[in-house]
Structures are given as C-alpha cells and as structure tokens.
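Morning, everyone. Please take a look at the chain on the screen, and then we'll walk through it.

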Amino acid sequence: MGHAERKHSILSPSGAHRWLYCTPSALLEQQFPDTGSEAAMEGTLAHELAEMKLRNYVNTVDFGKTKFTRAVNKLKKDPLWKDEMLGHTEDYLDYVKNLALSAPSLPTVIIEKRVDLSAWIPSLPDTDPASGTADCILIGNGQLHVIDFKYGKGVEVSAEGNPQLSLYALGAYETYKFLYRIERIHLHIVQPRINNFSSWDCSLEELLEFGKYVQKKAELAIKGEGDFRPGENTCRFCRAKGRCRARADRNVELAFAVGKKPPLITNAEMGEYLEKGADVEKWLSDLKELALKECLAGKDVPGWKAVEGRGTRSWTDQDKAFEVVKDAGIDETMLYVKSPLSLAKVEELMGKKAFAASVGDYVIKSPGKPTLVKTSDKREAITNKVTAKEVFKEETNNE
Ligand code: SF4
C-alpha cells in the first residue's frame with residue numbers, strides 16, 4: 001500500500017504526543033476534516049523515495065537497479081518532485097547503512113513494517129485495530145532499532161522518549177519477540193533537511209512500562225475522557241486548534257490576566273510568561289485564519305469581515321513587454337540581474353557530500369544572531385559579558 005493511501009487510526013502513533021497528554025483531543029478532532037497540506041504530500045513523496053532506496057540497497061534481487069530506476073522516474077513525474085529529495089533520502093540511507101554495518105553482526109532489516117498496537121490501544125467498534133507503520137526496523141544482537149525518516153523542516157523532532165517511535169518499538173517487540181532476543185531499544189529520528197539526526201535508547205523494561213502508561217491514557221482517549229491540556233506543542237497540529245474552548249480560555253487568561261502586582265515584572269516572571277504564553281501568538285494566528293475562512297464562506301464573525309488584500313502587478317507577456325522596453329532605448333543588460341545562488345542552494349544542488357568534498361574549504365561559519373531559546377535546547381548558552389579568560393587572552397595577544 002502506498003504511503004498516501006494509508007489509513008490512520010483515531011489513536012494514531014503520529015498523534016500520540018497529543019492524545020497521550022490531552023486525552024479528549026482525539027475524539028474532538030474527528031469533527032474536523034483531515035485536510036492535509038502540500039508539505040505533507042511532499043513528505044509522502046520523499047518517504048516513497050526513501051523506502052525505494054532502502055529496498056534497493058537491502059534487496060537487490062527483487063528490487064534491482066532497473067526496477068528502482070523505473071520507480072524513481074515515475075516519482076519524478078509528480079508535480080511536487082524536487083531533485084533535492086535525492087540527496088536527503090541518501091542521508092537517510094547512509095544513516096541506516098551505518099547503523100547496520102556498525103553492529104557486531106548484520107541485523108535483520110525490516111522496511112515499512114505495519115505493526116499491530118491493539119494490545120495497548122483500543123479502537124472504536126467497526127474500525128480497524130490500532131496499528132502504525134515503522135519506516136525501518138533493525139533487529140539483531142539483542143538490539144531493536146526503530147528509525148523514522150522525517151522530511152519536515154519546521155519543527156525539530158527529538159528521539160528522546162518519542163511516543164510515536166516508542167509505539168512502533170512496542171509493536172515491533174510484540175511481533176518479533178518469539179524470533180529474536182531483544183534487550184535494548186534504540187529510537188532514531190533522521191530529519192536531514194535541518195541536519196537533525198537524533199537517537200535515544202532505553203531498556204526493554206522501560207519500554208514495557210511505557211506500554212502500561214499508554215494503555216491507561218488510551219482507555220480515556222478512546223472515550224473522549226480526561227482533561228484538556230492545551231500547550232504550544234500539544235495544540236500545534238491538532239485539527240480542533242481553532243475552535244477548541246480549552247485552548248481559547250487558556251490563551252485569553254494568559255494574554256489578559258491582570259492583578260495587583262508590582263508595576264515591573266521580574267526576570268523570573270519574564271521566564272514564566274514566555275513559557276506559559278508561547279501558544280498565545282500561534283493561537284491568535286490560528287483564530288484569524290479560521291475567522292477569515294468563515295467570512296469568505298459568507299458566515300458572520302461579529303466585528304470582522306474579509307476584504308481584498310493589496311494586489312501585486314505582473315506582466316501578461318514579459319518577453320513582449322521587454323521587446324518594447326528595448327525598442328524604447330533601454331539596454332538588455334539593464335533588464336536582468338545576475339545574482340549568485342545562496343550557499344545552501346548550491347549545497348542542495350550538489351548534495352551534501354559532493355559539496356563538502358569540492359568546496360567545503362571555501363566555507364566559513366560566522367556566528368548567528370543571538371536567539372532566545374528554552375534552557376532544554378542543546379546549544380551552549382552565550383552572553384555579552386567579557387570573561388576573565390577572554391581579557392587575559394587579549395592582553396597576552398597585545399604584549
Ligand atoms: S486544541 Fe489543544 S487543548 Fe484543544 S483538544 Fe487540541 S490539543 Fe487539546
């Protein structure tokens with residue numbers, strides 16, 4: 001079955017980060033269509049290519065070069081195809097190859113495996129049992145690896161305790177425990193477009209404990225019970241995010257709460273507001289998007305209306321227009337600007353490896369603009385304060 005035709009269970013592994021935390025969200029979401037997006041369709045296409053590359057690598061007999069080339073050429077006809085997909089899927093293939101080849105003995109490679117999750121997740125009557133599809137599973141030497149290819153670049157995904165991958169690992173363990181010895185679980189996220197290669201591991205006991213936690217939460221979620229728990233990460237991809245009252249109430253409370261407090265806020269309060277209010281801005285923009293849709297559909301949103309935005313001008317026939325401009329005495333060279341591709345675009349064009357090998361020496365990395373992030377971010381904290389070590393270094397250099 002192709003990636004696009006796959007059915008997602010109501011309590012799907014990809015939505016687990018949401019329904020495990022905000023248990024009533026799964027049923028609430030069912031009232032809203034799953035509209036998908038161009039980015040999601042692009043991701044599906046890249047996944048098809050990643051799967052083919054892996055199959056070609058692992059199984060050159062059944063899926064050899066001719067079959068592979070024919071299948072890739074078919075993918076290239078898709079309007080969403082971009083050549084850069086070839087490089088990013090190569091990174092995924094390299095990652096899996098490295099994992100497999102660095103094991104004491106070659107593990108079994110299982111590609112695009114649909115795993116049964118019904119032991120942990122109930123389903124509604126007349127619906128398919130809960131399941132999920134793992135991009136790649138490696139089993140051998142007592143180790144179970146679950147590798148997930150992420151083509152998105154908007155949100156960096158961490159493998160640490162990742163519920164989606166942990167569910168795939170539970171399903172894979174249940175399927176293969178009679179055939180293989182499994183002691184340790186490794187979760188991997190390969191998100192090549194933002195250079196994010198994240199991995200995390202835990203014991204089998206910890207994974208099975210997680211399974212028990214899932215069972216409890218899923219029992220609530222399938223009945224739409226439990227507490228709504230709005231939050232920036234939880235609500236981001238929820239289909240109910242524009243209409244959800246719990247999210248609206250929380251953000252209004254955060255944005256407009258006033259009280260008898262000192263006129264200036266402290267740094268501690270600043271940190272607290274930034275943490276608690278992270279979703280306010282996003283919520284307002286989701287609300288605007290929804291209100292615009294309602295107005296355009298002719299529905300009444302008191303106090304608001306849809307109008308035509310500022311339009312842009314464009315040529316109906318640029319070639320003919322430029323001919324007229326040239327006839328009027330403007331030199332052709334004045335009409336075009338020759339500008340270089342950005343470094344990132346050249347890298348996309350050549351692929352990471354070829355880029356590093358050929359022009360890597362000409363690349364220098366200057367520090368980025370200071371950015372505020374949460375303390376959980378892995379990057380080292382910076383300040384403008386000059387340290388004694390730096391002063392000493394400067395003085396020594398000036399001597
Ligand atoms: S929008 Fe947020 S709070 Fe509301 S149901 Fe969805 S995840 Fe829960």
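Let me start with a quick one: is Lys293 buried or exposed? Lys293 counts as exposed, because its relative accessibility is 52% and the cut-off for exposed is over 50%. Keep in mind that this is a predicted model. Lys293 is found in helix H11, which covers residues 278-296. Now look from Lys293 to Ala306. The two are 13 residues apart in sequence. In space, their C-alpha atoms are 8.7 Å apart.

Now the overall picture. The chain has 399 residues, and buried residues make up 34% of them. There are 15 helices and five strands. Along the principal axes, the C-alpha atoms fill a box of roughly 80 × 70 × 65 Å. What about contacts along the sequence? Take the contacts with a separation of 6 or more: 70% of them come from residues 24 or more positions apart.

On to domains. The chain is divided in this way: domain 1 runs 13-222, and domain 2 runs 232-296. How far apart are the C-alpha centres of domain 1 and domain 2? They lie 32 Å apart. The two domains do touch. Twelve residues of domain 1 are in contact with eight residues of domain 2.

How do we put a size on that? The size of an interface is often given as the accessible area lost when the parts come together. Here, domain 1 and domain 2 bury about 920 Å² between them. Of that area, 65% is on carbon and sulfur atoms. On the domain 1 side, three residues lose the most area to domain 2: Arg18, Glu29 and Phe32. Together they account for 50% of what that side buries.

How many salt bridges does the rule find across the interface of domain 1 and domain 2? One. Asp34 forms a salt bridge with Arg239, and the closest N and O atoms are 4.0 Å apart.

Which elements carry the domain 1 side? Helix H1 (16-19) and helix H2 (25-29) each give two or more residues to the side that touches domain 2. The largest share comes from H2, with three residues. By type, the residues on that side divide into six nonpolar, three polar and three charged.

Stay with H2 for a moment. Ser25 lies in this helix. Ser25 is buried, because its relative accessible area is 3% and buried means under 20%. What does Ser25 touch, leaving out residues up to four places away in sequence? Arg18, Trp19 and Cys238.

Now salt bridges across the model. The count comes to 26 by this rule. Let me pick out some of them.

First on my list, Lys299 and Glu294. Their side chains meet in a salt bridge, 4.0 Å from N to O. How accessible are these partners? Lys299 is partly exposed, with a relative accessible area of 47%. Glu294 counts as buried, at 17% relative accessibility.

Next, Glu348 and Lys345. The closest N and O atoms of this salt bridge are 3.8 Å apart. Both residues lie in helix H13, residues 343-350. They sit three residues apart, about one turn of the helix. Glu348 is partly exposed, with a relative accessible area of 32%. Lys345 is partly exposed too, at 43%.

Then Asp377 and Arg379. Their side chains meet in a salt bridge at 2.9 Å, N to O. Asp377 counts as partly exposed, at 26% relative accessibility. Arg379 counts as exposed, at 59%.

And finally, a network. Which residues do salt bridges with shared partners join into one network? Lys241, Arg247, Asp279, Lys282 and Asp286.

To recap. The predicted model has domain 1 and domain 2 burying about 920 Å² between them, with one salt bridge found across that interface. Over to you for discussion.

Conventions:
Residues are numbered from 1 along each chain as its sequence is written. Side-chain values use heavy atoms; hydrogens and water are left out. Domain bounds come from an automatic or database domain assignment. Contact means heavy atoms within 4.5 Å. Buried area is the accessible area (1.4 Å probe) that two parts lose on being put together, summed over both. Helices (H or I, at least four residues) and strands (E, at least two) are DSSP runs, numbered from the N terminus. Ala, Val, Leu, Ile, Met, Phe, Trp, Tyr, Cys and Pro count as nonpolar, Asp, Glu, Lys and Arg as charged, and the others, Gly among them, as polar. Buried means under 20% relative accessible area, exposed over 50%, partly exposed in between (1.4 Å probe, protein chains only).
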